[in-house]
Amino acid sequence: MRFVILTGVSGAGKSTALKMMEDMGYYCVDNLPIPLVERFIELSDSASTELQKVAVGIDIRNGQNLDEMRDVLIRLQAEGRKCEILFLDADDPVLVKRYKETRRSHPLANGERVDKGIEKERRRLHFLRESADYIIDTSHLLTRELKMELEKIFVNYMDYKNLYATVLSFGFKYGIPADCDLVFDVRFLPNPFYVEGLRYKSGNDAEIQEYVLQFREAHDFLDKLEDMIRFLIPHYITEGKSQLVIGIGCTGGKHRSVTLANQLYQRLTTDIEPAGYPAPNYELKIEHRDIEKDALRN
């Protein structure tokens, strides 16, 4: 039997996820009292039932009993019972916005602002987040995208990537992307924009790549940046971070930043890991936000 505990912060989409898992063939129970969890698992796992997939929603609505869940997890592990924990999370501003849109009050707010309730809830749920097998950040996920993530884990049994990292090139003249976690400025390199015949090309073109990468400083920068990113990613995963945006910017986001973002992406997707760094469980993609902004033509 596959037994899943679905938990997370209020407003992150637990009810929606539980309905999706029900559509995936899971027998779902929401807000089961903590004292009944172990008994429910025993009954579900008994020979007299035909249940193969079970999901139980556990959250802050259990009140003070929630603290007992820590001991329940320890006992289940000691008994050798496999229990997977899915934790749904979202950024605080997103949660506040969702509460304001639905005009609901946070269960722990007690007449205070919503953000105060969220802060209390995060403290109470911290041990579940730390124990989670899967953490999904729904801050920027559409409903269909959440369903796709759940299907990867619970239908297709794919290896779940605990961190989704994006290498993003951009132009400072258009502003730093709001969702960037790390920002690197490559305007210290000579600008191909001022070289005859290169202005109208981009960092996806061989001529621009050759120009930018002819400078030793570009390779030194990439070496140091790759080393730092490989160092950081496993630690981000350990701390439960689920999304990482690495921004590389130049003036217009068309030449230098695109070239170096492509180079970093290629380095990070290589199968050869540098000595001393384990291969972390993450998925990497690349985006060029401003590559078409200027729309310059000959």
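Helices H4 and H5 are oblique to each other, because the angle between them is about 125°, and angles of 65 to 115 degrees would count as roughly perpendicular while those over 145 would count as roughly antiparallel. In this predicted model, H4 covers residues 92-102 and H5 covers residues 114-131, and their axes lie 10 Å apart. The crossing of H4 and H5 has a right-handed sense. On the H4 side, the contact is formed by Asp-92, Leu-95, Val-96 and Tyr-99, and on the H5 side by Val-114, Asp-115, Ile-118 and Arg-122. Sorted by class, this contact of H4 with H5 holds five nonpolar and three charged residues, with no polar ones.

Let us step back to the chain as a whole. The chain has 298 residues, and 46% of them count as buried. Nine helices and nine strands make up its list of secondary structure elements. Along the principal axes, the C-alpha atoms fill a box of roughly 75 × 45 × 30 Å. Of the contacts in the chain with a separation of 6 or more, 79% come from residues 24 or more positions apart.

Now to the sheet. Five strands form an open sheet in the order S2-S3-S1-S4-S5, and their pairing is parallel. At the edges sit S2 (27-30) and S5 (134-137), each of which pairs on one side only. On average, neighbouring strands of this sheet are turned by 20° against each other, with direction ignored. Strands of a sheet pair through backbone hydrogen bonds.

Strand S3 (residues 53-57) has a parallel partner in S2 and another in S1. The table sets out these two pairings, together with one residue pair from each.

| Strand pair | Sense | Bridges | Residue pair |
|---|---|---|---|
| S1 and S3 | parallel | five bridges | Val-4 with Ala-55 |

How buried is S3? Four of the five residues of S3 are buried, so this strand is largely enclosed by the rest of the structure.

Helix H2 (residues 37-44) lies across S1 (2-8), S2 and S3, and the direction of H2 makes about 165° with S3. Helix H6 (residues 143-154) touches S1, S4 (84-89) and S5, and runs at about 170° to S5.

Is Gln-263 buried or exposed? Its relative accessibility is 19%, and the cut-off for buried is under 20%, so Gln-263 counts as buried. Leaving aside residues up to four places away in sequence, Gln-263 touches Leu-213 and Leu-222.

Terms used:
Residues are numbered from 1 along each chain as its sequence is written. This is a predicted model: local features need pLDDT of at least 70, side-chain atom pairs count only at pLDDT 80 or more; totals for chains, interfaces and linings use all residues. Side-chain values use heavy atoms; hydrogens and water are left out. Two strands pair if DSSP finds at least two bridges between them. Helices (H or I, at least four residues) and strands (E, at least two) are DSSP runs, numbered from the N terminus. Axes are lines fitted to C-alpha atoms, for helices over the stretch in contact, and angles run from 0 to 180 degrees between N-to-C directions. Contact means heavy atoms within 4.5 Å. Buried means under 20% relative accessible area, exposed over 50%, partly exposed in between (1.4 Å probe, protein chains only). Angles under 35 degrees count as roughly parallel, over 145 as roughly antiparallel, 65 to 115 as roughly perpendicular and the rest as oblique. A crossing is left-handed if the near helix is turned anticlockwise from the far one by less than a right angle, and right-handed if clockwise. Ala, Val, Leu, Ile, Met, Phe, Trp, Tyr, Cys and Pro count as nonpolar, Asp, Glu, Lys and Arg as charged, and the others, Gly among them, as polar.
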